[in-house]
Amino acid sequence: QVQLVESGGGLVHAGGSLRLSCAASGFTLEHTTMAWFRQAPGNEREGIASSSGAAGSAYYSDSVKGRFIISRDNARNTIYLQMNNLKPEDTAIYYCARGKSWYGTLVSTEYDSWGQGTQVTVSS
């Protein structure tokens, strides 16, 4: 059974940092594309960071590029999202997802498993 469990969300002031974790079970992360998405109430789900299963290359949305970093620890079957210089517009529920492709992508339909999400709230 595939399971993804996010953690690390919370309340921070603008300009602060958080580190999200996604613990995976039921499969191995190595050579598996993984990504982080986020969704605020009333908004579309937004892909923000992916890590290619083929080569580990990272891809970021324009909204987070230069501020967020996706990484993985294959030995621990965990992916991370380091979020720096947080802004109020970053407030959302953050989800990790397992990809169906060998290449990195921020398209939600290319992912087949999702975590329960963790809330990130950035105060102004």
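Trainee: Are Lys65 and Asp62 buried or exposed?
Mentor: This is a predicted model, in which local features need pLDDT of at least 70 and side-chain atom pairs count only at pLDDT 80 or more, while totals for chains, interfaces and linings use all residues. Residues are numbered from 1 along each chain as its sequence is written, and side-chain values use heavy atoms, with hydrogens and water left out. Buried means under 20% relative accessible area, exposed over 50%, and partly exposed in between, with a 1.4 Å probe and protein chains only. By that scale, Lys65 and Asp62 are both exposed.

Trainee: At what N to O distance do the side chains of Lys65 and Asp62 meet?
Mentor: Their contact is a salt bridge, defined as a side-chain nitrogen of Lys or Arg within 4 Å of a carboxyl oxygen of Asp or Glu. The structure holds six salt bridges. For Lys65 and Asp62, the N to O distance is 3.7 Å.

Trainee: In the salt bridge between Arg76 and Asp73, which class of accessibility does Asp73 fall into?
Mentor: The side chains of these two residues meet at 3.7 Å, N to O. Arg76 has a relative accessible area of 62% and is therefore exposed. Asp73 has 24% relative accessibility, so the class of Asp73 is partly exposed.

Trainee: Which residues do salt bridges that share partners join into one network?
Mentor: One link is the salt bridge between the side chains of Arg38 and Glu46, at 2.9 Å from N to O. Arg38 counts as buried because its relative accessibility is 7%, whereas Glu46, at 28%, counts as partly exposed. Through shared partners, the network consists of Arg38, Glu46, Arg67 and Asp90.

Trainee: Which residue of strand β3 stands opposite Ser7?
Mentor: Helices (H or I, at least four residues) and strands (E, at least two) are DSSP runs, numbered from the N terminus. Strand β1 (residues 3-7) has Leu4 and Glu6 on its covered face, and Gln3, Val5 and Ser7 on its uncovered face. Five bridges join β1 to the antiparallel β3 (residues 18-25), and Gln3 stands opposite Ser25 there. The β3 residue opposite Ser7 is Ser21.

Trainee: By how many degrees are neighbouring strands turned against each other on average in the four-strand open sheet?
Mentor: The sheet has the order β1-β3-β8-β7 with antiparallel pairing, where two strands pair if DSSP finds at least two bridges between them. Its edge strands are β1 and β7, each pairing on one side only.

Trainee: How far does the backbone nitrogen of Ile70 lie from a polar atom of the side chain of Tyr60?
Mentor: Tyr60 is placed in strand β6 (residues 58-60), and the residues it touches (heavy atoms within 4.5 Å) include Ile48, Phe68 and Ile70, leaving out those up to four places away in sequence. A polar contact is a pair of N or O atoms within 3.5 Å; within protein, one must be able to donate a hydrogen and the other to accept it, and residues adjacent in sequence count only if both atoms are side-chain atoms. For the backbone nitrogen of Ile70 and the side chain of Tyr60, the distance is 2.9 Å.
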